[in-house]
Protein chains: 2
Amino acid sequence: MKNEKRIVLTGDRPTGPLHLGHYVGSLQSRITLQDTADQYVMIADLQALTDYAKESDFVRKNVFQVALDYLAVGIDPQKTVIFIQSLIPPLTELTLYYLNLVTWNRLKHNPTVKQEIVHKGFGEGVPAGFMVYPICQAADITAFKATCVPVGEDQLPMIEQTNEIVRAFNRTYKKDVLVEAEAFLSRAARLPGIDGSPKMSKTLNNAIYLSDTSDQVKKKVQKMYSDPRHLRVEDPGRVEGNPLFYYLDAFGKETSKIEQLKEHYRRGGLGDGVVKKHLLEVLIDFLEPIQKRRALFEKDPEGVMDILRSGSAKALEKASSTLSEVRSAMGLTY
Amino acid sequence: MKNEKRIVLTGDRPTGPLHLGHYVGSLQSRITLQDTADQYVMIADLQALTDYAKESDFVRKNVFQVALDYLAVGIDPQKTVIFIQSLIPPLTELTLYYLNLVTWNRLKHNPTVKQEIVHKGFGEGVPAGFMVYPICQAADITAFKATCVPVGEDQLPMIEQTNEIVRAFNRTYKKDVLVEAEAFLSRAARLPGIDGSPKMSKTLNNAIYLSDTSDQVKKKVQKMYSDPRHLRVEDPGRVEGNPLFYYLDAFGKETSKIEQLKEHYRRGGLGDGVVKKHLLEVLIDFLEPIQKRRALFEKDPEGVMDILRSGSAKALEKASSTLSEVRSAMGLTY
């Protein structure tokens with residue numbers, strides 16, 4: 001383990017508001033990482049356009065919404081560089097240089113991309129930009145010389161592709177310009193959707209958003225899945241795999257109270273209604289300060305945009321410096 | 001026919017010195033076009049890198065050589081914007097936006113690219129950048145809002161691809177930002193190689209270069225193919241398809257003298273040696289002023305680089321203005 005400060009690159013596609021699943025899976029660790037690492041958080045509008053090219057207005061609106069979510073949960077622009085991907089033109093230039101170091105066949109066989117093509121139902125109409133996006137990601141990661149990229153298991157092939165490019169570039173141009181990145185696998189268990197499916201997502205319509213009102217949260221908690229075999233209050237219930245307790249574990253602060261509830265639930269005699277009532281309190285407790293901050297930032301859209309512009313200026317400086325090393329290694333200095 | 005000034009985009013990949021075939025096929029018409037059109041001539045180093053990624057030094061050196069060739073033949077930087085492709089980052093940004101408007105399938109089926117893959121012998125190792133280069137070309141053409149692109153017959157699918165993107169972009173973003181281009185097919189017959197094969201090219205090692213010394217030209221003319229059935233001086237010879245007369249037609253000034261030679265050759269009694277002697281005079285006459293200018297520029301490499309830098313600054317201004325219209329149509333204004 002080297003003593004150098006880690007450089008973290010992470011971010012989100014601005015295709016919808018962020019939800020509790022994002023909080024558990026990534027936002028939470030960013031709030032921690034910003035104190036110990038150089039952290040870049042990218043609002044990946046270019047990447048969103050690879051499959052939302054025709055809804056660029058939608059992407060644009062979500063850039064602002066995602067920024068609000070970041071600021072609301074406590075990603076601090078004094079500690080973290082928050083930036084908009086499309087304001088960093090060196091990323092597109094790096095992408096084109098890297099495309100020459102990767103074969104067409106390699107792109108075709110990227111396992112993550114293959115899965116997503118099925119998942120997104122592109123059929124024969126896969127946009128070329130979508131096939132190319134692992135190379136754009138390599139540009140994003142290497143532009144900041146990120147050493148640490150938080151990803152899910154399914155994104156590991158992307159890091160592998162990036163590191164292949166890093167090695168090919170340094171070998172081809174005989175200079176160690178680019179830096180290999182390590183995947184940082186989140187240890188947090190994935191938060192299930194309110195319908196009990198293993199992933200919370202906009203597409204599955206099973207998410208509680210960071211921007212949901214207390215009323216919306218209440219309705220969602222009321223219809224949440226629990227143990228399907230826990231039919232009568234007096235029946236013993238299952239805690240493992242029960243979304244209610246996943247959420248309590250993730251957001252509750254009073255551990256002993258939660259342990260009591262679990263024990264009572266297992267034993268029987270504790271109705272879902274009581275657990276949900278407690279969960280609602282926990283979630284509202286958790287969301288209230290976030291929503292207060294969100295409301296403040298929402299009132300000052302120009303202030304938010306200024307934060308994004310200033311973060312983007314910092315990111316541009318870093319990416320431009322890498323680009324100029326890249327061009328110089330390639331001899332593209334005129 | 002509109003009365004507006006045509007905007008021409010053309011250029012060369014810097015992968016070797018230019019030869020007489022380039023002169024006849026494109027340089028000549030650029031010298032004419034620069035008086036009547038807004039002409040942009042691009043030294044396409046990015047495109048060269050799609051298949052010469054590992055020889056970037058070679059590409060870099062040829063950027064300078066091609067510039068010398070341009071200036072030597074009389075492409076006038078006061079009338080023509082001569083620029084280096086890699087100094088225009090908006091081209092890479094446009095490429096990435098356009099990639100989202102084209103399907104992966106469409107890229108795969110580009111006839112020109114398919115032919116070139118065979119021709120270049122890539123096998124399974126086609127670089128991804130090579131597959132993507134028709135979209136880079138669309139970026140080049142549209143960045144300057146070129147209305148006229150001089151191409152060979154084999155490049156027509158590239159213009160078609162560009163115009164598909166123009167229509168898709170304007171339709172998707174509901175604004176007529178991009179302009180369709182017309183192919184400008186050269187009427188000049190293609191100059192055969194000195195070995196009689198239909199195309200002069202570096203790869204075929206059958207070219208007379210603009211930068212060849214008189215001695216080199218002499219040797220090449222001496223071994224030039226003529227009419228293979230014209231064995232004895234007194235035999236009648238064929239003028240049609242005879243490289244010697246192609247070259248005389250292309251570079252000779254004294255039309256009546258050439259007609260006399262042709263007539264004599266057809267009749268019999270005129271040896272190849274005499275025709276070659278005359279051709280050598282014609283070529284040296286043609287090349288001498290070009291080589292004098294070349295020598296002058298060669299002595300002042302910084303002056304040449306300044307010309308390229310200043311042309312690139314003009315090209316950058318134009319491309320940036322198009323890019324900002326593109327981004328604004330897409331709503332990417334933050």
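Predicted model: local features only at pLDDT ≥ 70, side-chain atom pairs only at ≥ 80, totals over all residues.
**View 1. Chain A as a whole, with its 13 helices and five strands.**
The C-alpha trace spans about 80 × 45 × 45 Å along the principal axes of chain A. How does the radius of gyration of chain A compare with that of a compact globule? For 334 residues such a globule would come out near 20 Å, and chain A has 22 Å, so the two agree. As for contacts with a separation of 6 or more in chain A, 77% of them join residues 24 or more positions apart.

**View 2. Chain B laid on chain A.**
A turn of 180° and a shift of 0.0 Å along the axis put chain B on chain A with an RMSD of 0.0 Å. The two copies are therefore related as by a two-fold rotation axis. Which C-alpha of chain B sits nearest that axis? It's the one of Thr92(B), 2.8 Å away from it.

**View 3. Where chain B touches chain A.**
Here 41 residues of chain B are in contact with 41 residues of chain A. On the chain B side, the elements giving two or more residues are helix 2 (45–52), helix 3 (56–73), helix 4 (90–99), helix 5 (104–108), helix 7 (128–143) and helix 13 (301–330). Sorted by class, that side of chain B has 23 nonpolar, 12 polar and six charged residues. The copies meet through the same surface, because 100% of the interface residues of chain B are also interface residues in chain A.

Key. Residues numbered from 1 in each chain as written. Chains lettered and ligands numbered in written order. Helix = DSSP H or I, 4+ residues; strand = E, 2+ residues; numbered from the N terminus. Rg over C-alpha atoms; globule rule 2.2 N^0.38 Å. Contact = placed C-beta atoms within 7 Å. Least-squares fit on C-alpha atoms with pLDDT ≥ 70 in both. Nonpolar A, V, L, I, M, F, W, Y, C, P; charged D, E, K, R; others polar.
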